[in-house]
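User: Hi! I'm new to protein structures and would like to learn how to read one. Could you walk me through it?

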Amino acid sequence: MSSEQLDTATDRQLVRAAKTGDKAAFTSLVRRYEETVYRFSFKMCRDREKAEETLQDTFVNVYRKLGTFDGKSKFSTWLYAIVTNNCLMKQRRRKMQDLEDPLEEYDDPPGTDSSRRRSSARWDETPADQLITKELRSLLDRAIDSLPVDYRVVFVLRDVEGRSNEETAKILHLSVEATKSRLRRARAFLRDKLHPYMTSRERERR
Amino acid sequence: MTCKKTYRYICDNLDERLDSPRCRQIRQHLENCPKCRAYLDSIKKTVALYKAGIAPDIPASAHRRLMKTIDTEMSHLQKSPARRSPQTGRR
């Protein structure tokens with residue numbers, strides 16, 4: 001492919017060319033998605049070095065497995081499945097205990113008889129992005145770090161990356177129902193971690 | 001529509017303003033239930049905070065290393081396809 005063709009080619013066209021041994025086409029795919037893969041990996045592992053390691057492993061895997069990509073799903077969905085798998089493998093090696101915590105208590109709303117969770121008192125206005133303080137940034141990091149990885153991945157794919165329930169389910173080989181259930185629990189878990197900070201009485205005490 | 005059901009479905013739908021009978025019931029419940037309204041609001045704010053969270057741009061050094069790895073991988077695989085493990089191609 002010429003450099004002009006590379007710029008305007010669809011993912012599908014680049015994949016087809018790369019499969020026939022067109023190195024420039026594969027490099028073009030890498031350039032197109034390296035930022036997405038790096039940022040997603042960072043959001044998952046919260047660590048620059050691990051994100052870079054995942055970035056490298058992911059594209060090596062993509063190159064080696066390209067022949068098995070049948071084009072039934074979007075290239076980006078297939079890529080997300082590979083990078084997600086790499087992230088999960090790394091995380092699981094570190095935190096096996098995550099798998100033992102199903103977060104069932106987040107199935108009920110807070111403040112009900114069946115829930116031990118904190119009440120649903122109103123939150124203050126959230127600060128605009130540029131006003132996120134160091135303290136809040138660190139709280140956000142700690143909260144998502146403590147979210148078991150099988151839930152974190154659903155939250156990041158759905159709410160941060162903006163993938164649909166259906167695509168997230170496909171990436172993770174889950175049913176749509178299981179995806180929704182994990183998302184609900186993940187959102188509730190994170191919300192509860194931020195709750196003390198976001199209610200004014202608690203914040204004034206600081 | 002109970003608080004428990006609302007809790008379950010607002011989380012599925014969040015900002016998707018679906019016009020199904022269930023969503024209409026949820027909206028009706030939310031109008032009359034300050035507790036559920038506050039909860040939905042806090043969930044939306046949680047998502048917004050994480051969405052606004054900054055992920056760093058890919059460092060130039062990481063980009064260079066990646067290109068080098070890919071280049072090596074492409075020439076090696078052409079010589080001996082499907083022989084190497086994912087770790088061997090790394091820096």
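This is a predicted model: local features need pLDDT of at least 70, side-chain atom pairs count only at pLDDT 80 or more; totals for chains, interfaces and linings use all residues.

User: What pattern does chain B follow along the sequence?

Analyst: Chain B reads α-α-α-α, with 4 helices and 0 strands. Of its 91 residues, 21% count as buried. Among its contacts with a separation of 6 or more, 47% join residues 24 or more positions apart.

User: How many residues of chain A are in contact with chain B?

Analyst: The size of an interface is often given as the accessible area lost when the parts come together. Here we can count residues instead: 41 from chain A are in contact with 36 from chain B. On the chain A side, α3, α4, α7 and α9 of chain A each give two or more residues. The most come from α3(A), which gives 10 residues. Sorted by class, the chain A side has 18 nonpolar, 16 charged and 7 polar residues.

User: Why is α7(A) largely enclosed by the rest of the structure?

Analyst: To judge burial, count neighbours: a residue is buried if 20 or more other C-beta atoms lie within 10 Å of its own. In α7(A), 10 of the 12 residues are buried, so this helix is largely enclosed by the rest of the structure. Among the buried ones are A:Tyr151, A:Phe155 and A:Leu157, and also the charged residues A:Arg152, A:Arg158 and A:Asp159.

User: Which residue with a positive phi follows α7(A)?

Analyst: That is A:Gly162, with a phi near 75 degrees.

Definitions and conventions: Residues are numbered from 1 along each chain as its sequence is written. Chains are lettered from A and ligands numbered from 1 in the order in which they are written. Two residues are in contact if their C-beta atoms, placed from the backbone, lie within 7 Å.
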